[in-house]
Amino acid sequence: MFKKVLISTLALVSIVSVNAQAESPADLNDLEIAHVAYTADSIDIRYAHLALAISKNPAVREFAQTMIRDHSAVNDQAIALVTKLNVAPQDNFLSQQLNGQADQLVREMSQLTGAEFDRRYAENELGYHRAVNGLVAGTFIPNIQNAEVKALFEEAIVIFKAHETHAEKMVASLQKQGS
Amino acid sequence: MGLIVAALAATITFHPALEAEASEEQRVIIEIRKFKFVPEALVVSPGDVVVWKNMDIVPHTATSTNGGWDSGAIEAGGEWETVVTEDMSDDYFCVFHPSMIATVGIESD
């Protein structure tokens with residue numbers, strides 16, 4: 001009997017726990033969105049450090065330095081805000097998914113050198129910024145409840161869109177050099 | 001007569017337009033806000049002081065496209081100023097974010 005109750009209780013806890021967890025970006029709360037944003041910034045900083053370690057192309061290196069400078073600044077603002085609000089960002093499925101994809105990509109890009117690395121890095125930066133910007137503008141900003149968090153995201157999306165434009169030009173320039 | 005002179009003096013002292021004319025050199029502010037130089041086009045005269053104020057949360061630069069002048073990094077919340085020279089007229093941009101472009105034109109006497 002005790003075993004049966006225990007199994008039922010565990011099953012219930014499991015169901016509740018599954019239901020409480022967001023399964024789509026649109027289901028994330030402000031603290032989970034903040035965690036995703038911090039993670040996405042950190043991943044791009046990680047790619048940039050890889051680029052500085054491998055690339056010798058001045059334009060690629062300049063772009064990478066800008067990514068480190070800007071994404072670090074946004075993360076600093078995010079930390080200041082959550083500290084002020086006395087809250088902690090919450091880990092979630094999307095942050096974990098992004099980190100998993102980044103691990104894989106860093107392993108892949110680490111094997112490349114020269115122009116091959118530059119093209120892969122630039123194309124990834126373009127795709128990554130397009131994807132994250134779409135998510136931030138289309139899902140996160142409309143769903144964020146806290147006005148200060150929303151304001152920070154509205155400021156950040158301007159920065160990230162400029163990065164996307166910069167990445168587009170970098171990709172086009174590298175394609176021209178390679179042709 | 002004395003009353004008229006006093007009235008004229010008061011008018012000159014407190015009329016802002018006349019005050020601006022009295023000072024030949026101007027201090028002009030360009031705000032860097034939401035990844036734009038505002039205003040994007042500016043006409044100034046040699047001797048004027050142009051100040052770039054960075055209102056964004058990331059650093060920017062104001063850098064001449066022909067390499068004639070360069071602010072270096074203007075930190076978030078920071079500013080950089082320079083005195084306009086006759087050969088300063090140029091397009092300029094942000095080295096960190098090349099899509100940010102603007103122009104400084106020099107007014108000829």
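Me: What share of the contacts in chain A between residues at least 6 apart in sequence joins residues at least 24 apart, and what makes a pair count as a contact?

Reply: In this predicted model, 79% of the chain A contacts between residues at least 6 apart join residues at least 24 apart in sequence.

Me: What makes up the secondary structure of chain A, and in what order do the elements run?

Reply: Chain A comes to six helices and zero strands, and from the N terminus on the order is α-α-α-α-α-α. A run is counted as a helix here because it has at least four residues in the DSSP assignment.

Me: Why are some residues of chain A called buried, and what percentage of the chain do they make up?

Reply: A residue is called buried because its relative accessible area is under 20%. In chain A, 41% of the 179 residues are buried. The accessible surface of this chain comes to about 9,700 Å², with 57% belonging to carbon and sulfur atoms.

Me: What are the corresponding values for chain B?

Reply: Chain B has two helices and eight strands, in the sequence order α-α-β-β-β-β-β-β-β-β. Of its 109 residues, 36% are buried, so these fall under the 20% cut-off of relative accessible area. The accessible surface of chain B is about 6,500 Å², of which carbon and sulfur atoms hold 57%. Among its contacts between residues at least 6 apart, 50% join residues at least 24 apart.

Me: How much area do chain B and chain A bury between them, and which residues of chain B lose the most?

Reply: The two chains bury about 1,100 Å² between them, 71% of it on carbon and sulfur atoms. On the chain B side, B:Phe35, B:Ile57 and B:Phe96 lose the most area to chain A, together 51% of what that side buries. The residues of this side divide into eight nonpolar, two polar and two charged. B:Phe35, B:Ile57 and B:Phe96 belong to the nonpolar class, because Phe and Ile count as nonpolar.

Me: How many residues does each chain bring to the contact?

Reply: Twelve residues come from chain B and 16 residues from chain A.

Me: How many salt bridges and how many polar contacts does the rule find across this interface?

Reply: The rule finds zero salt bridges between chain B and chain A.

How values were computed:
Residues are numbered from 1 along each chain as its sequence is written. Chains are lettered from A and ligands numbered from 1 in the order in which they are written. This is a predicted model: local features need pLDDT of at least 70, side-chain atom pairs count only at pLDDT 80 or more; totals for chains, interfaces and linings use all residues. Side-chain values use heavy atoms; hydrogens and water are left out. Buried means under 20% relative accessible area, exposed over 50%, partly exposed in between (1.4 Å probe, protein chains only). Contact means heavy atoms within 4.5 Å. Accessible areas come from the Shrake-Rupley method with a 1.4 Å probe; for residues, only the protein chains shown count as cover. Buried area is the accessible area (1.4 Å probe) that two parts lose on being put together, summed over both. A salt bridge is a side-chain nitrogen of Lys or Arg within 4 Å of a carboxyl oxygen of Asp or Glu.
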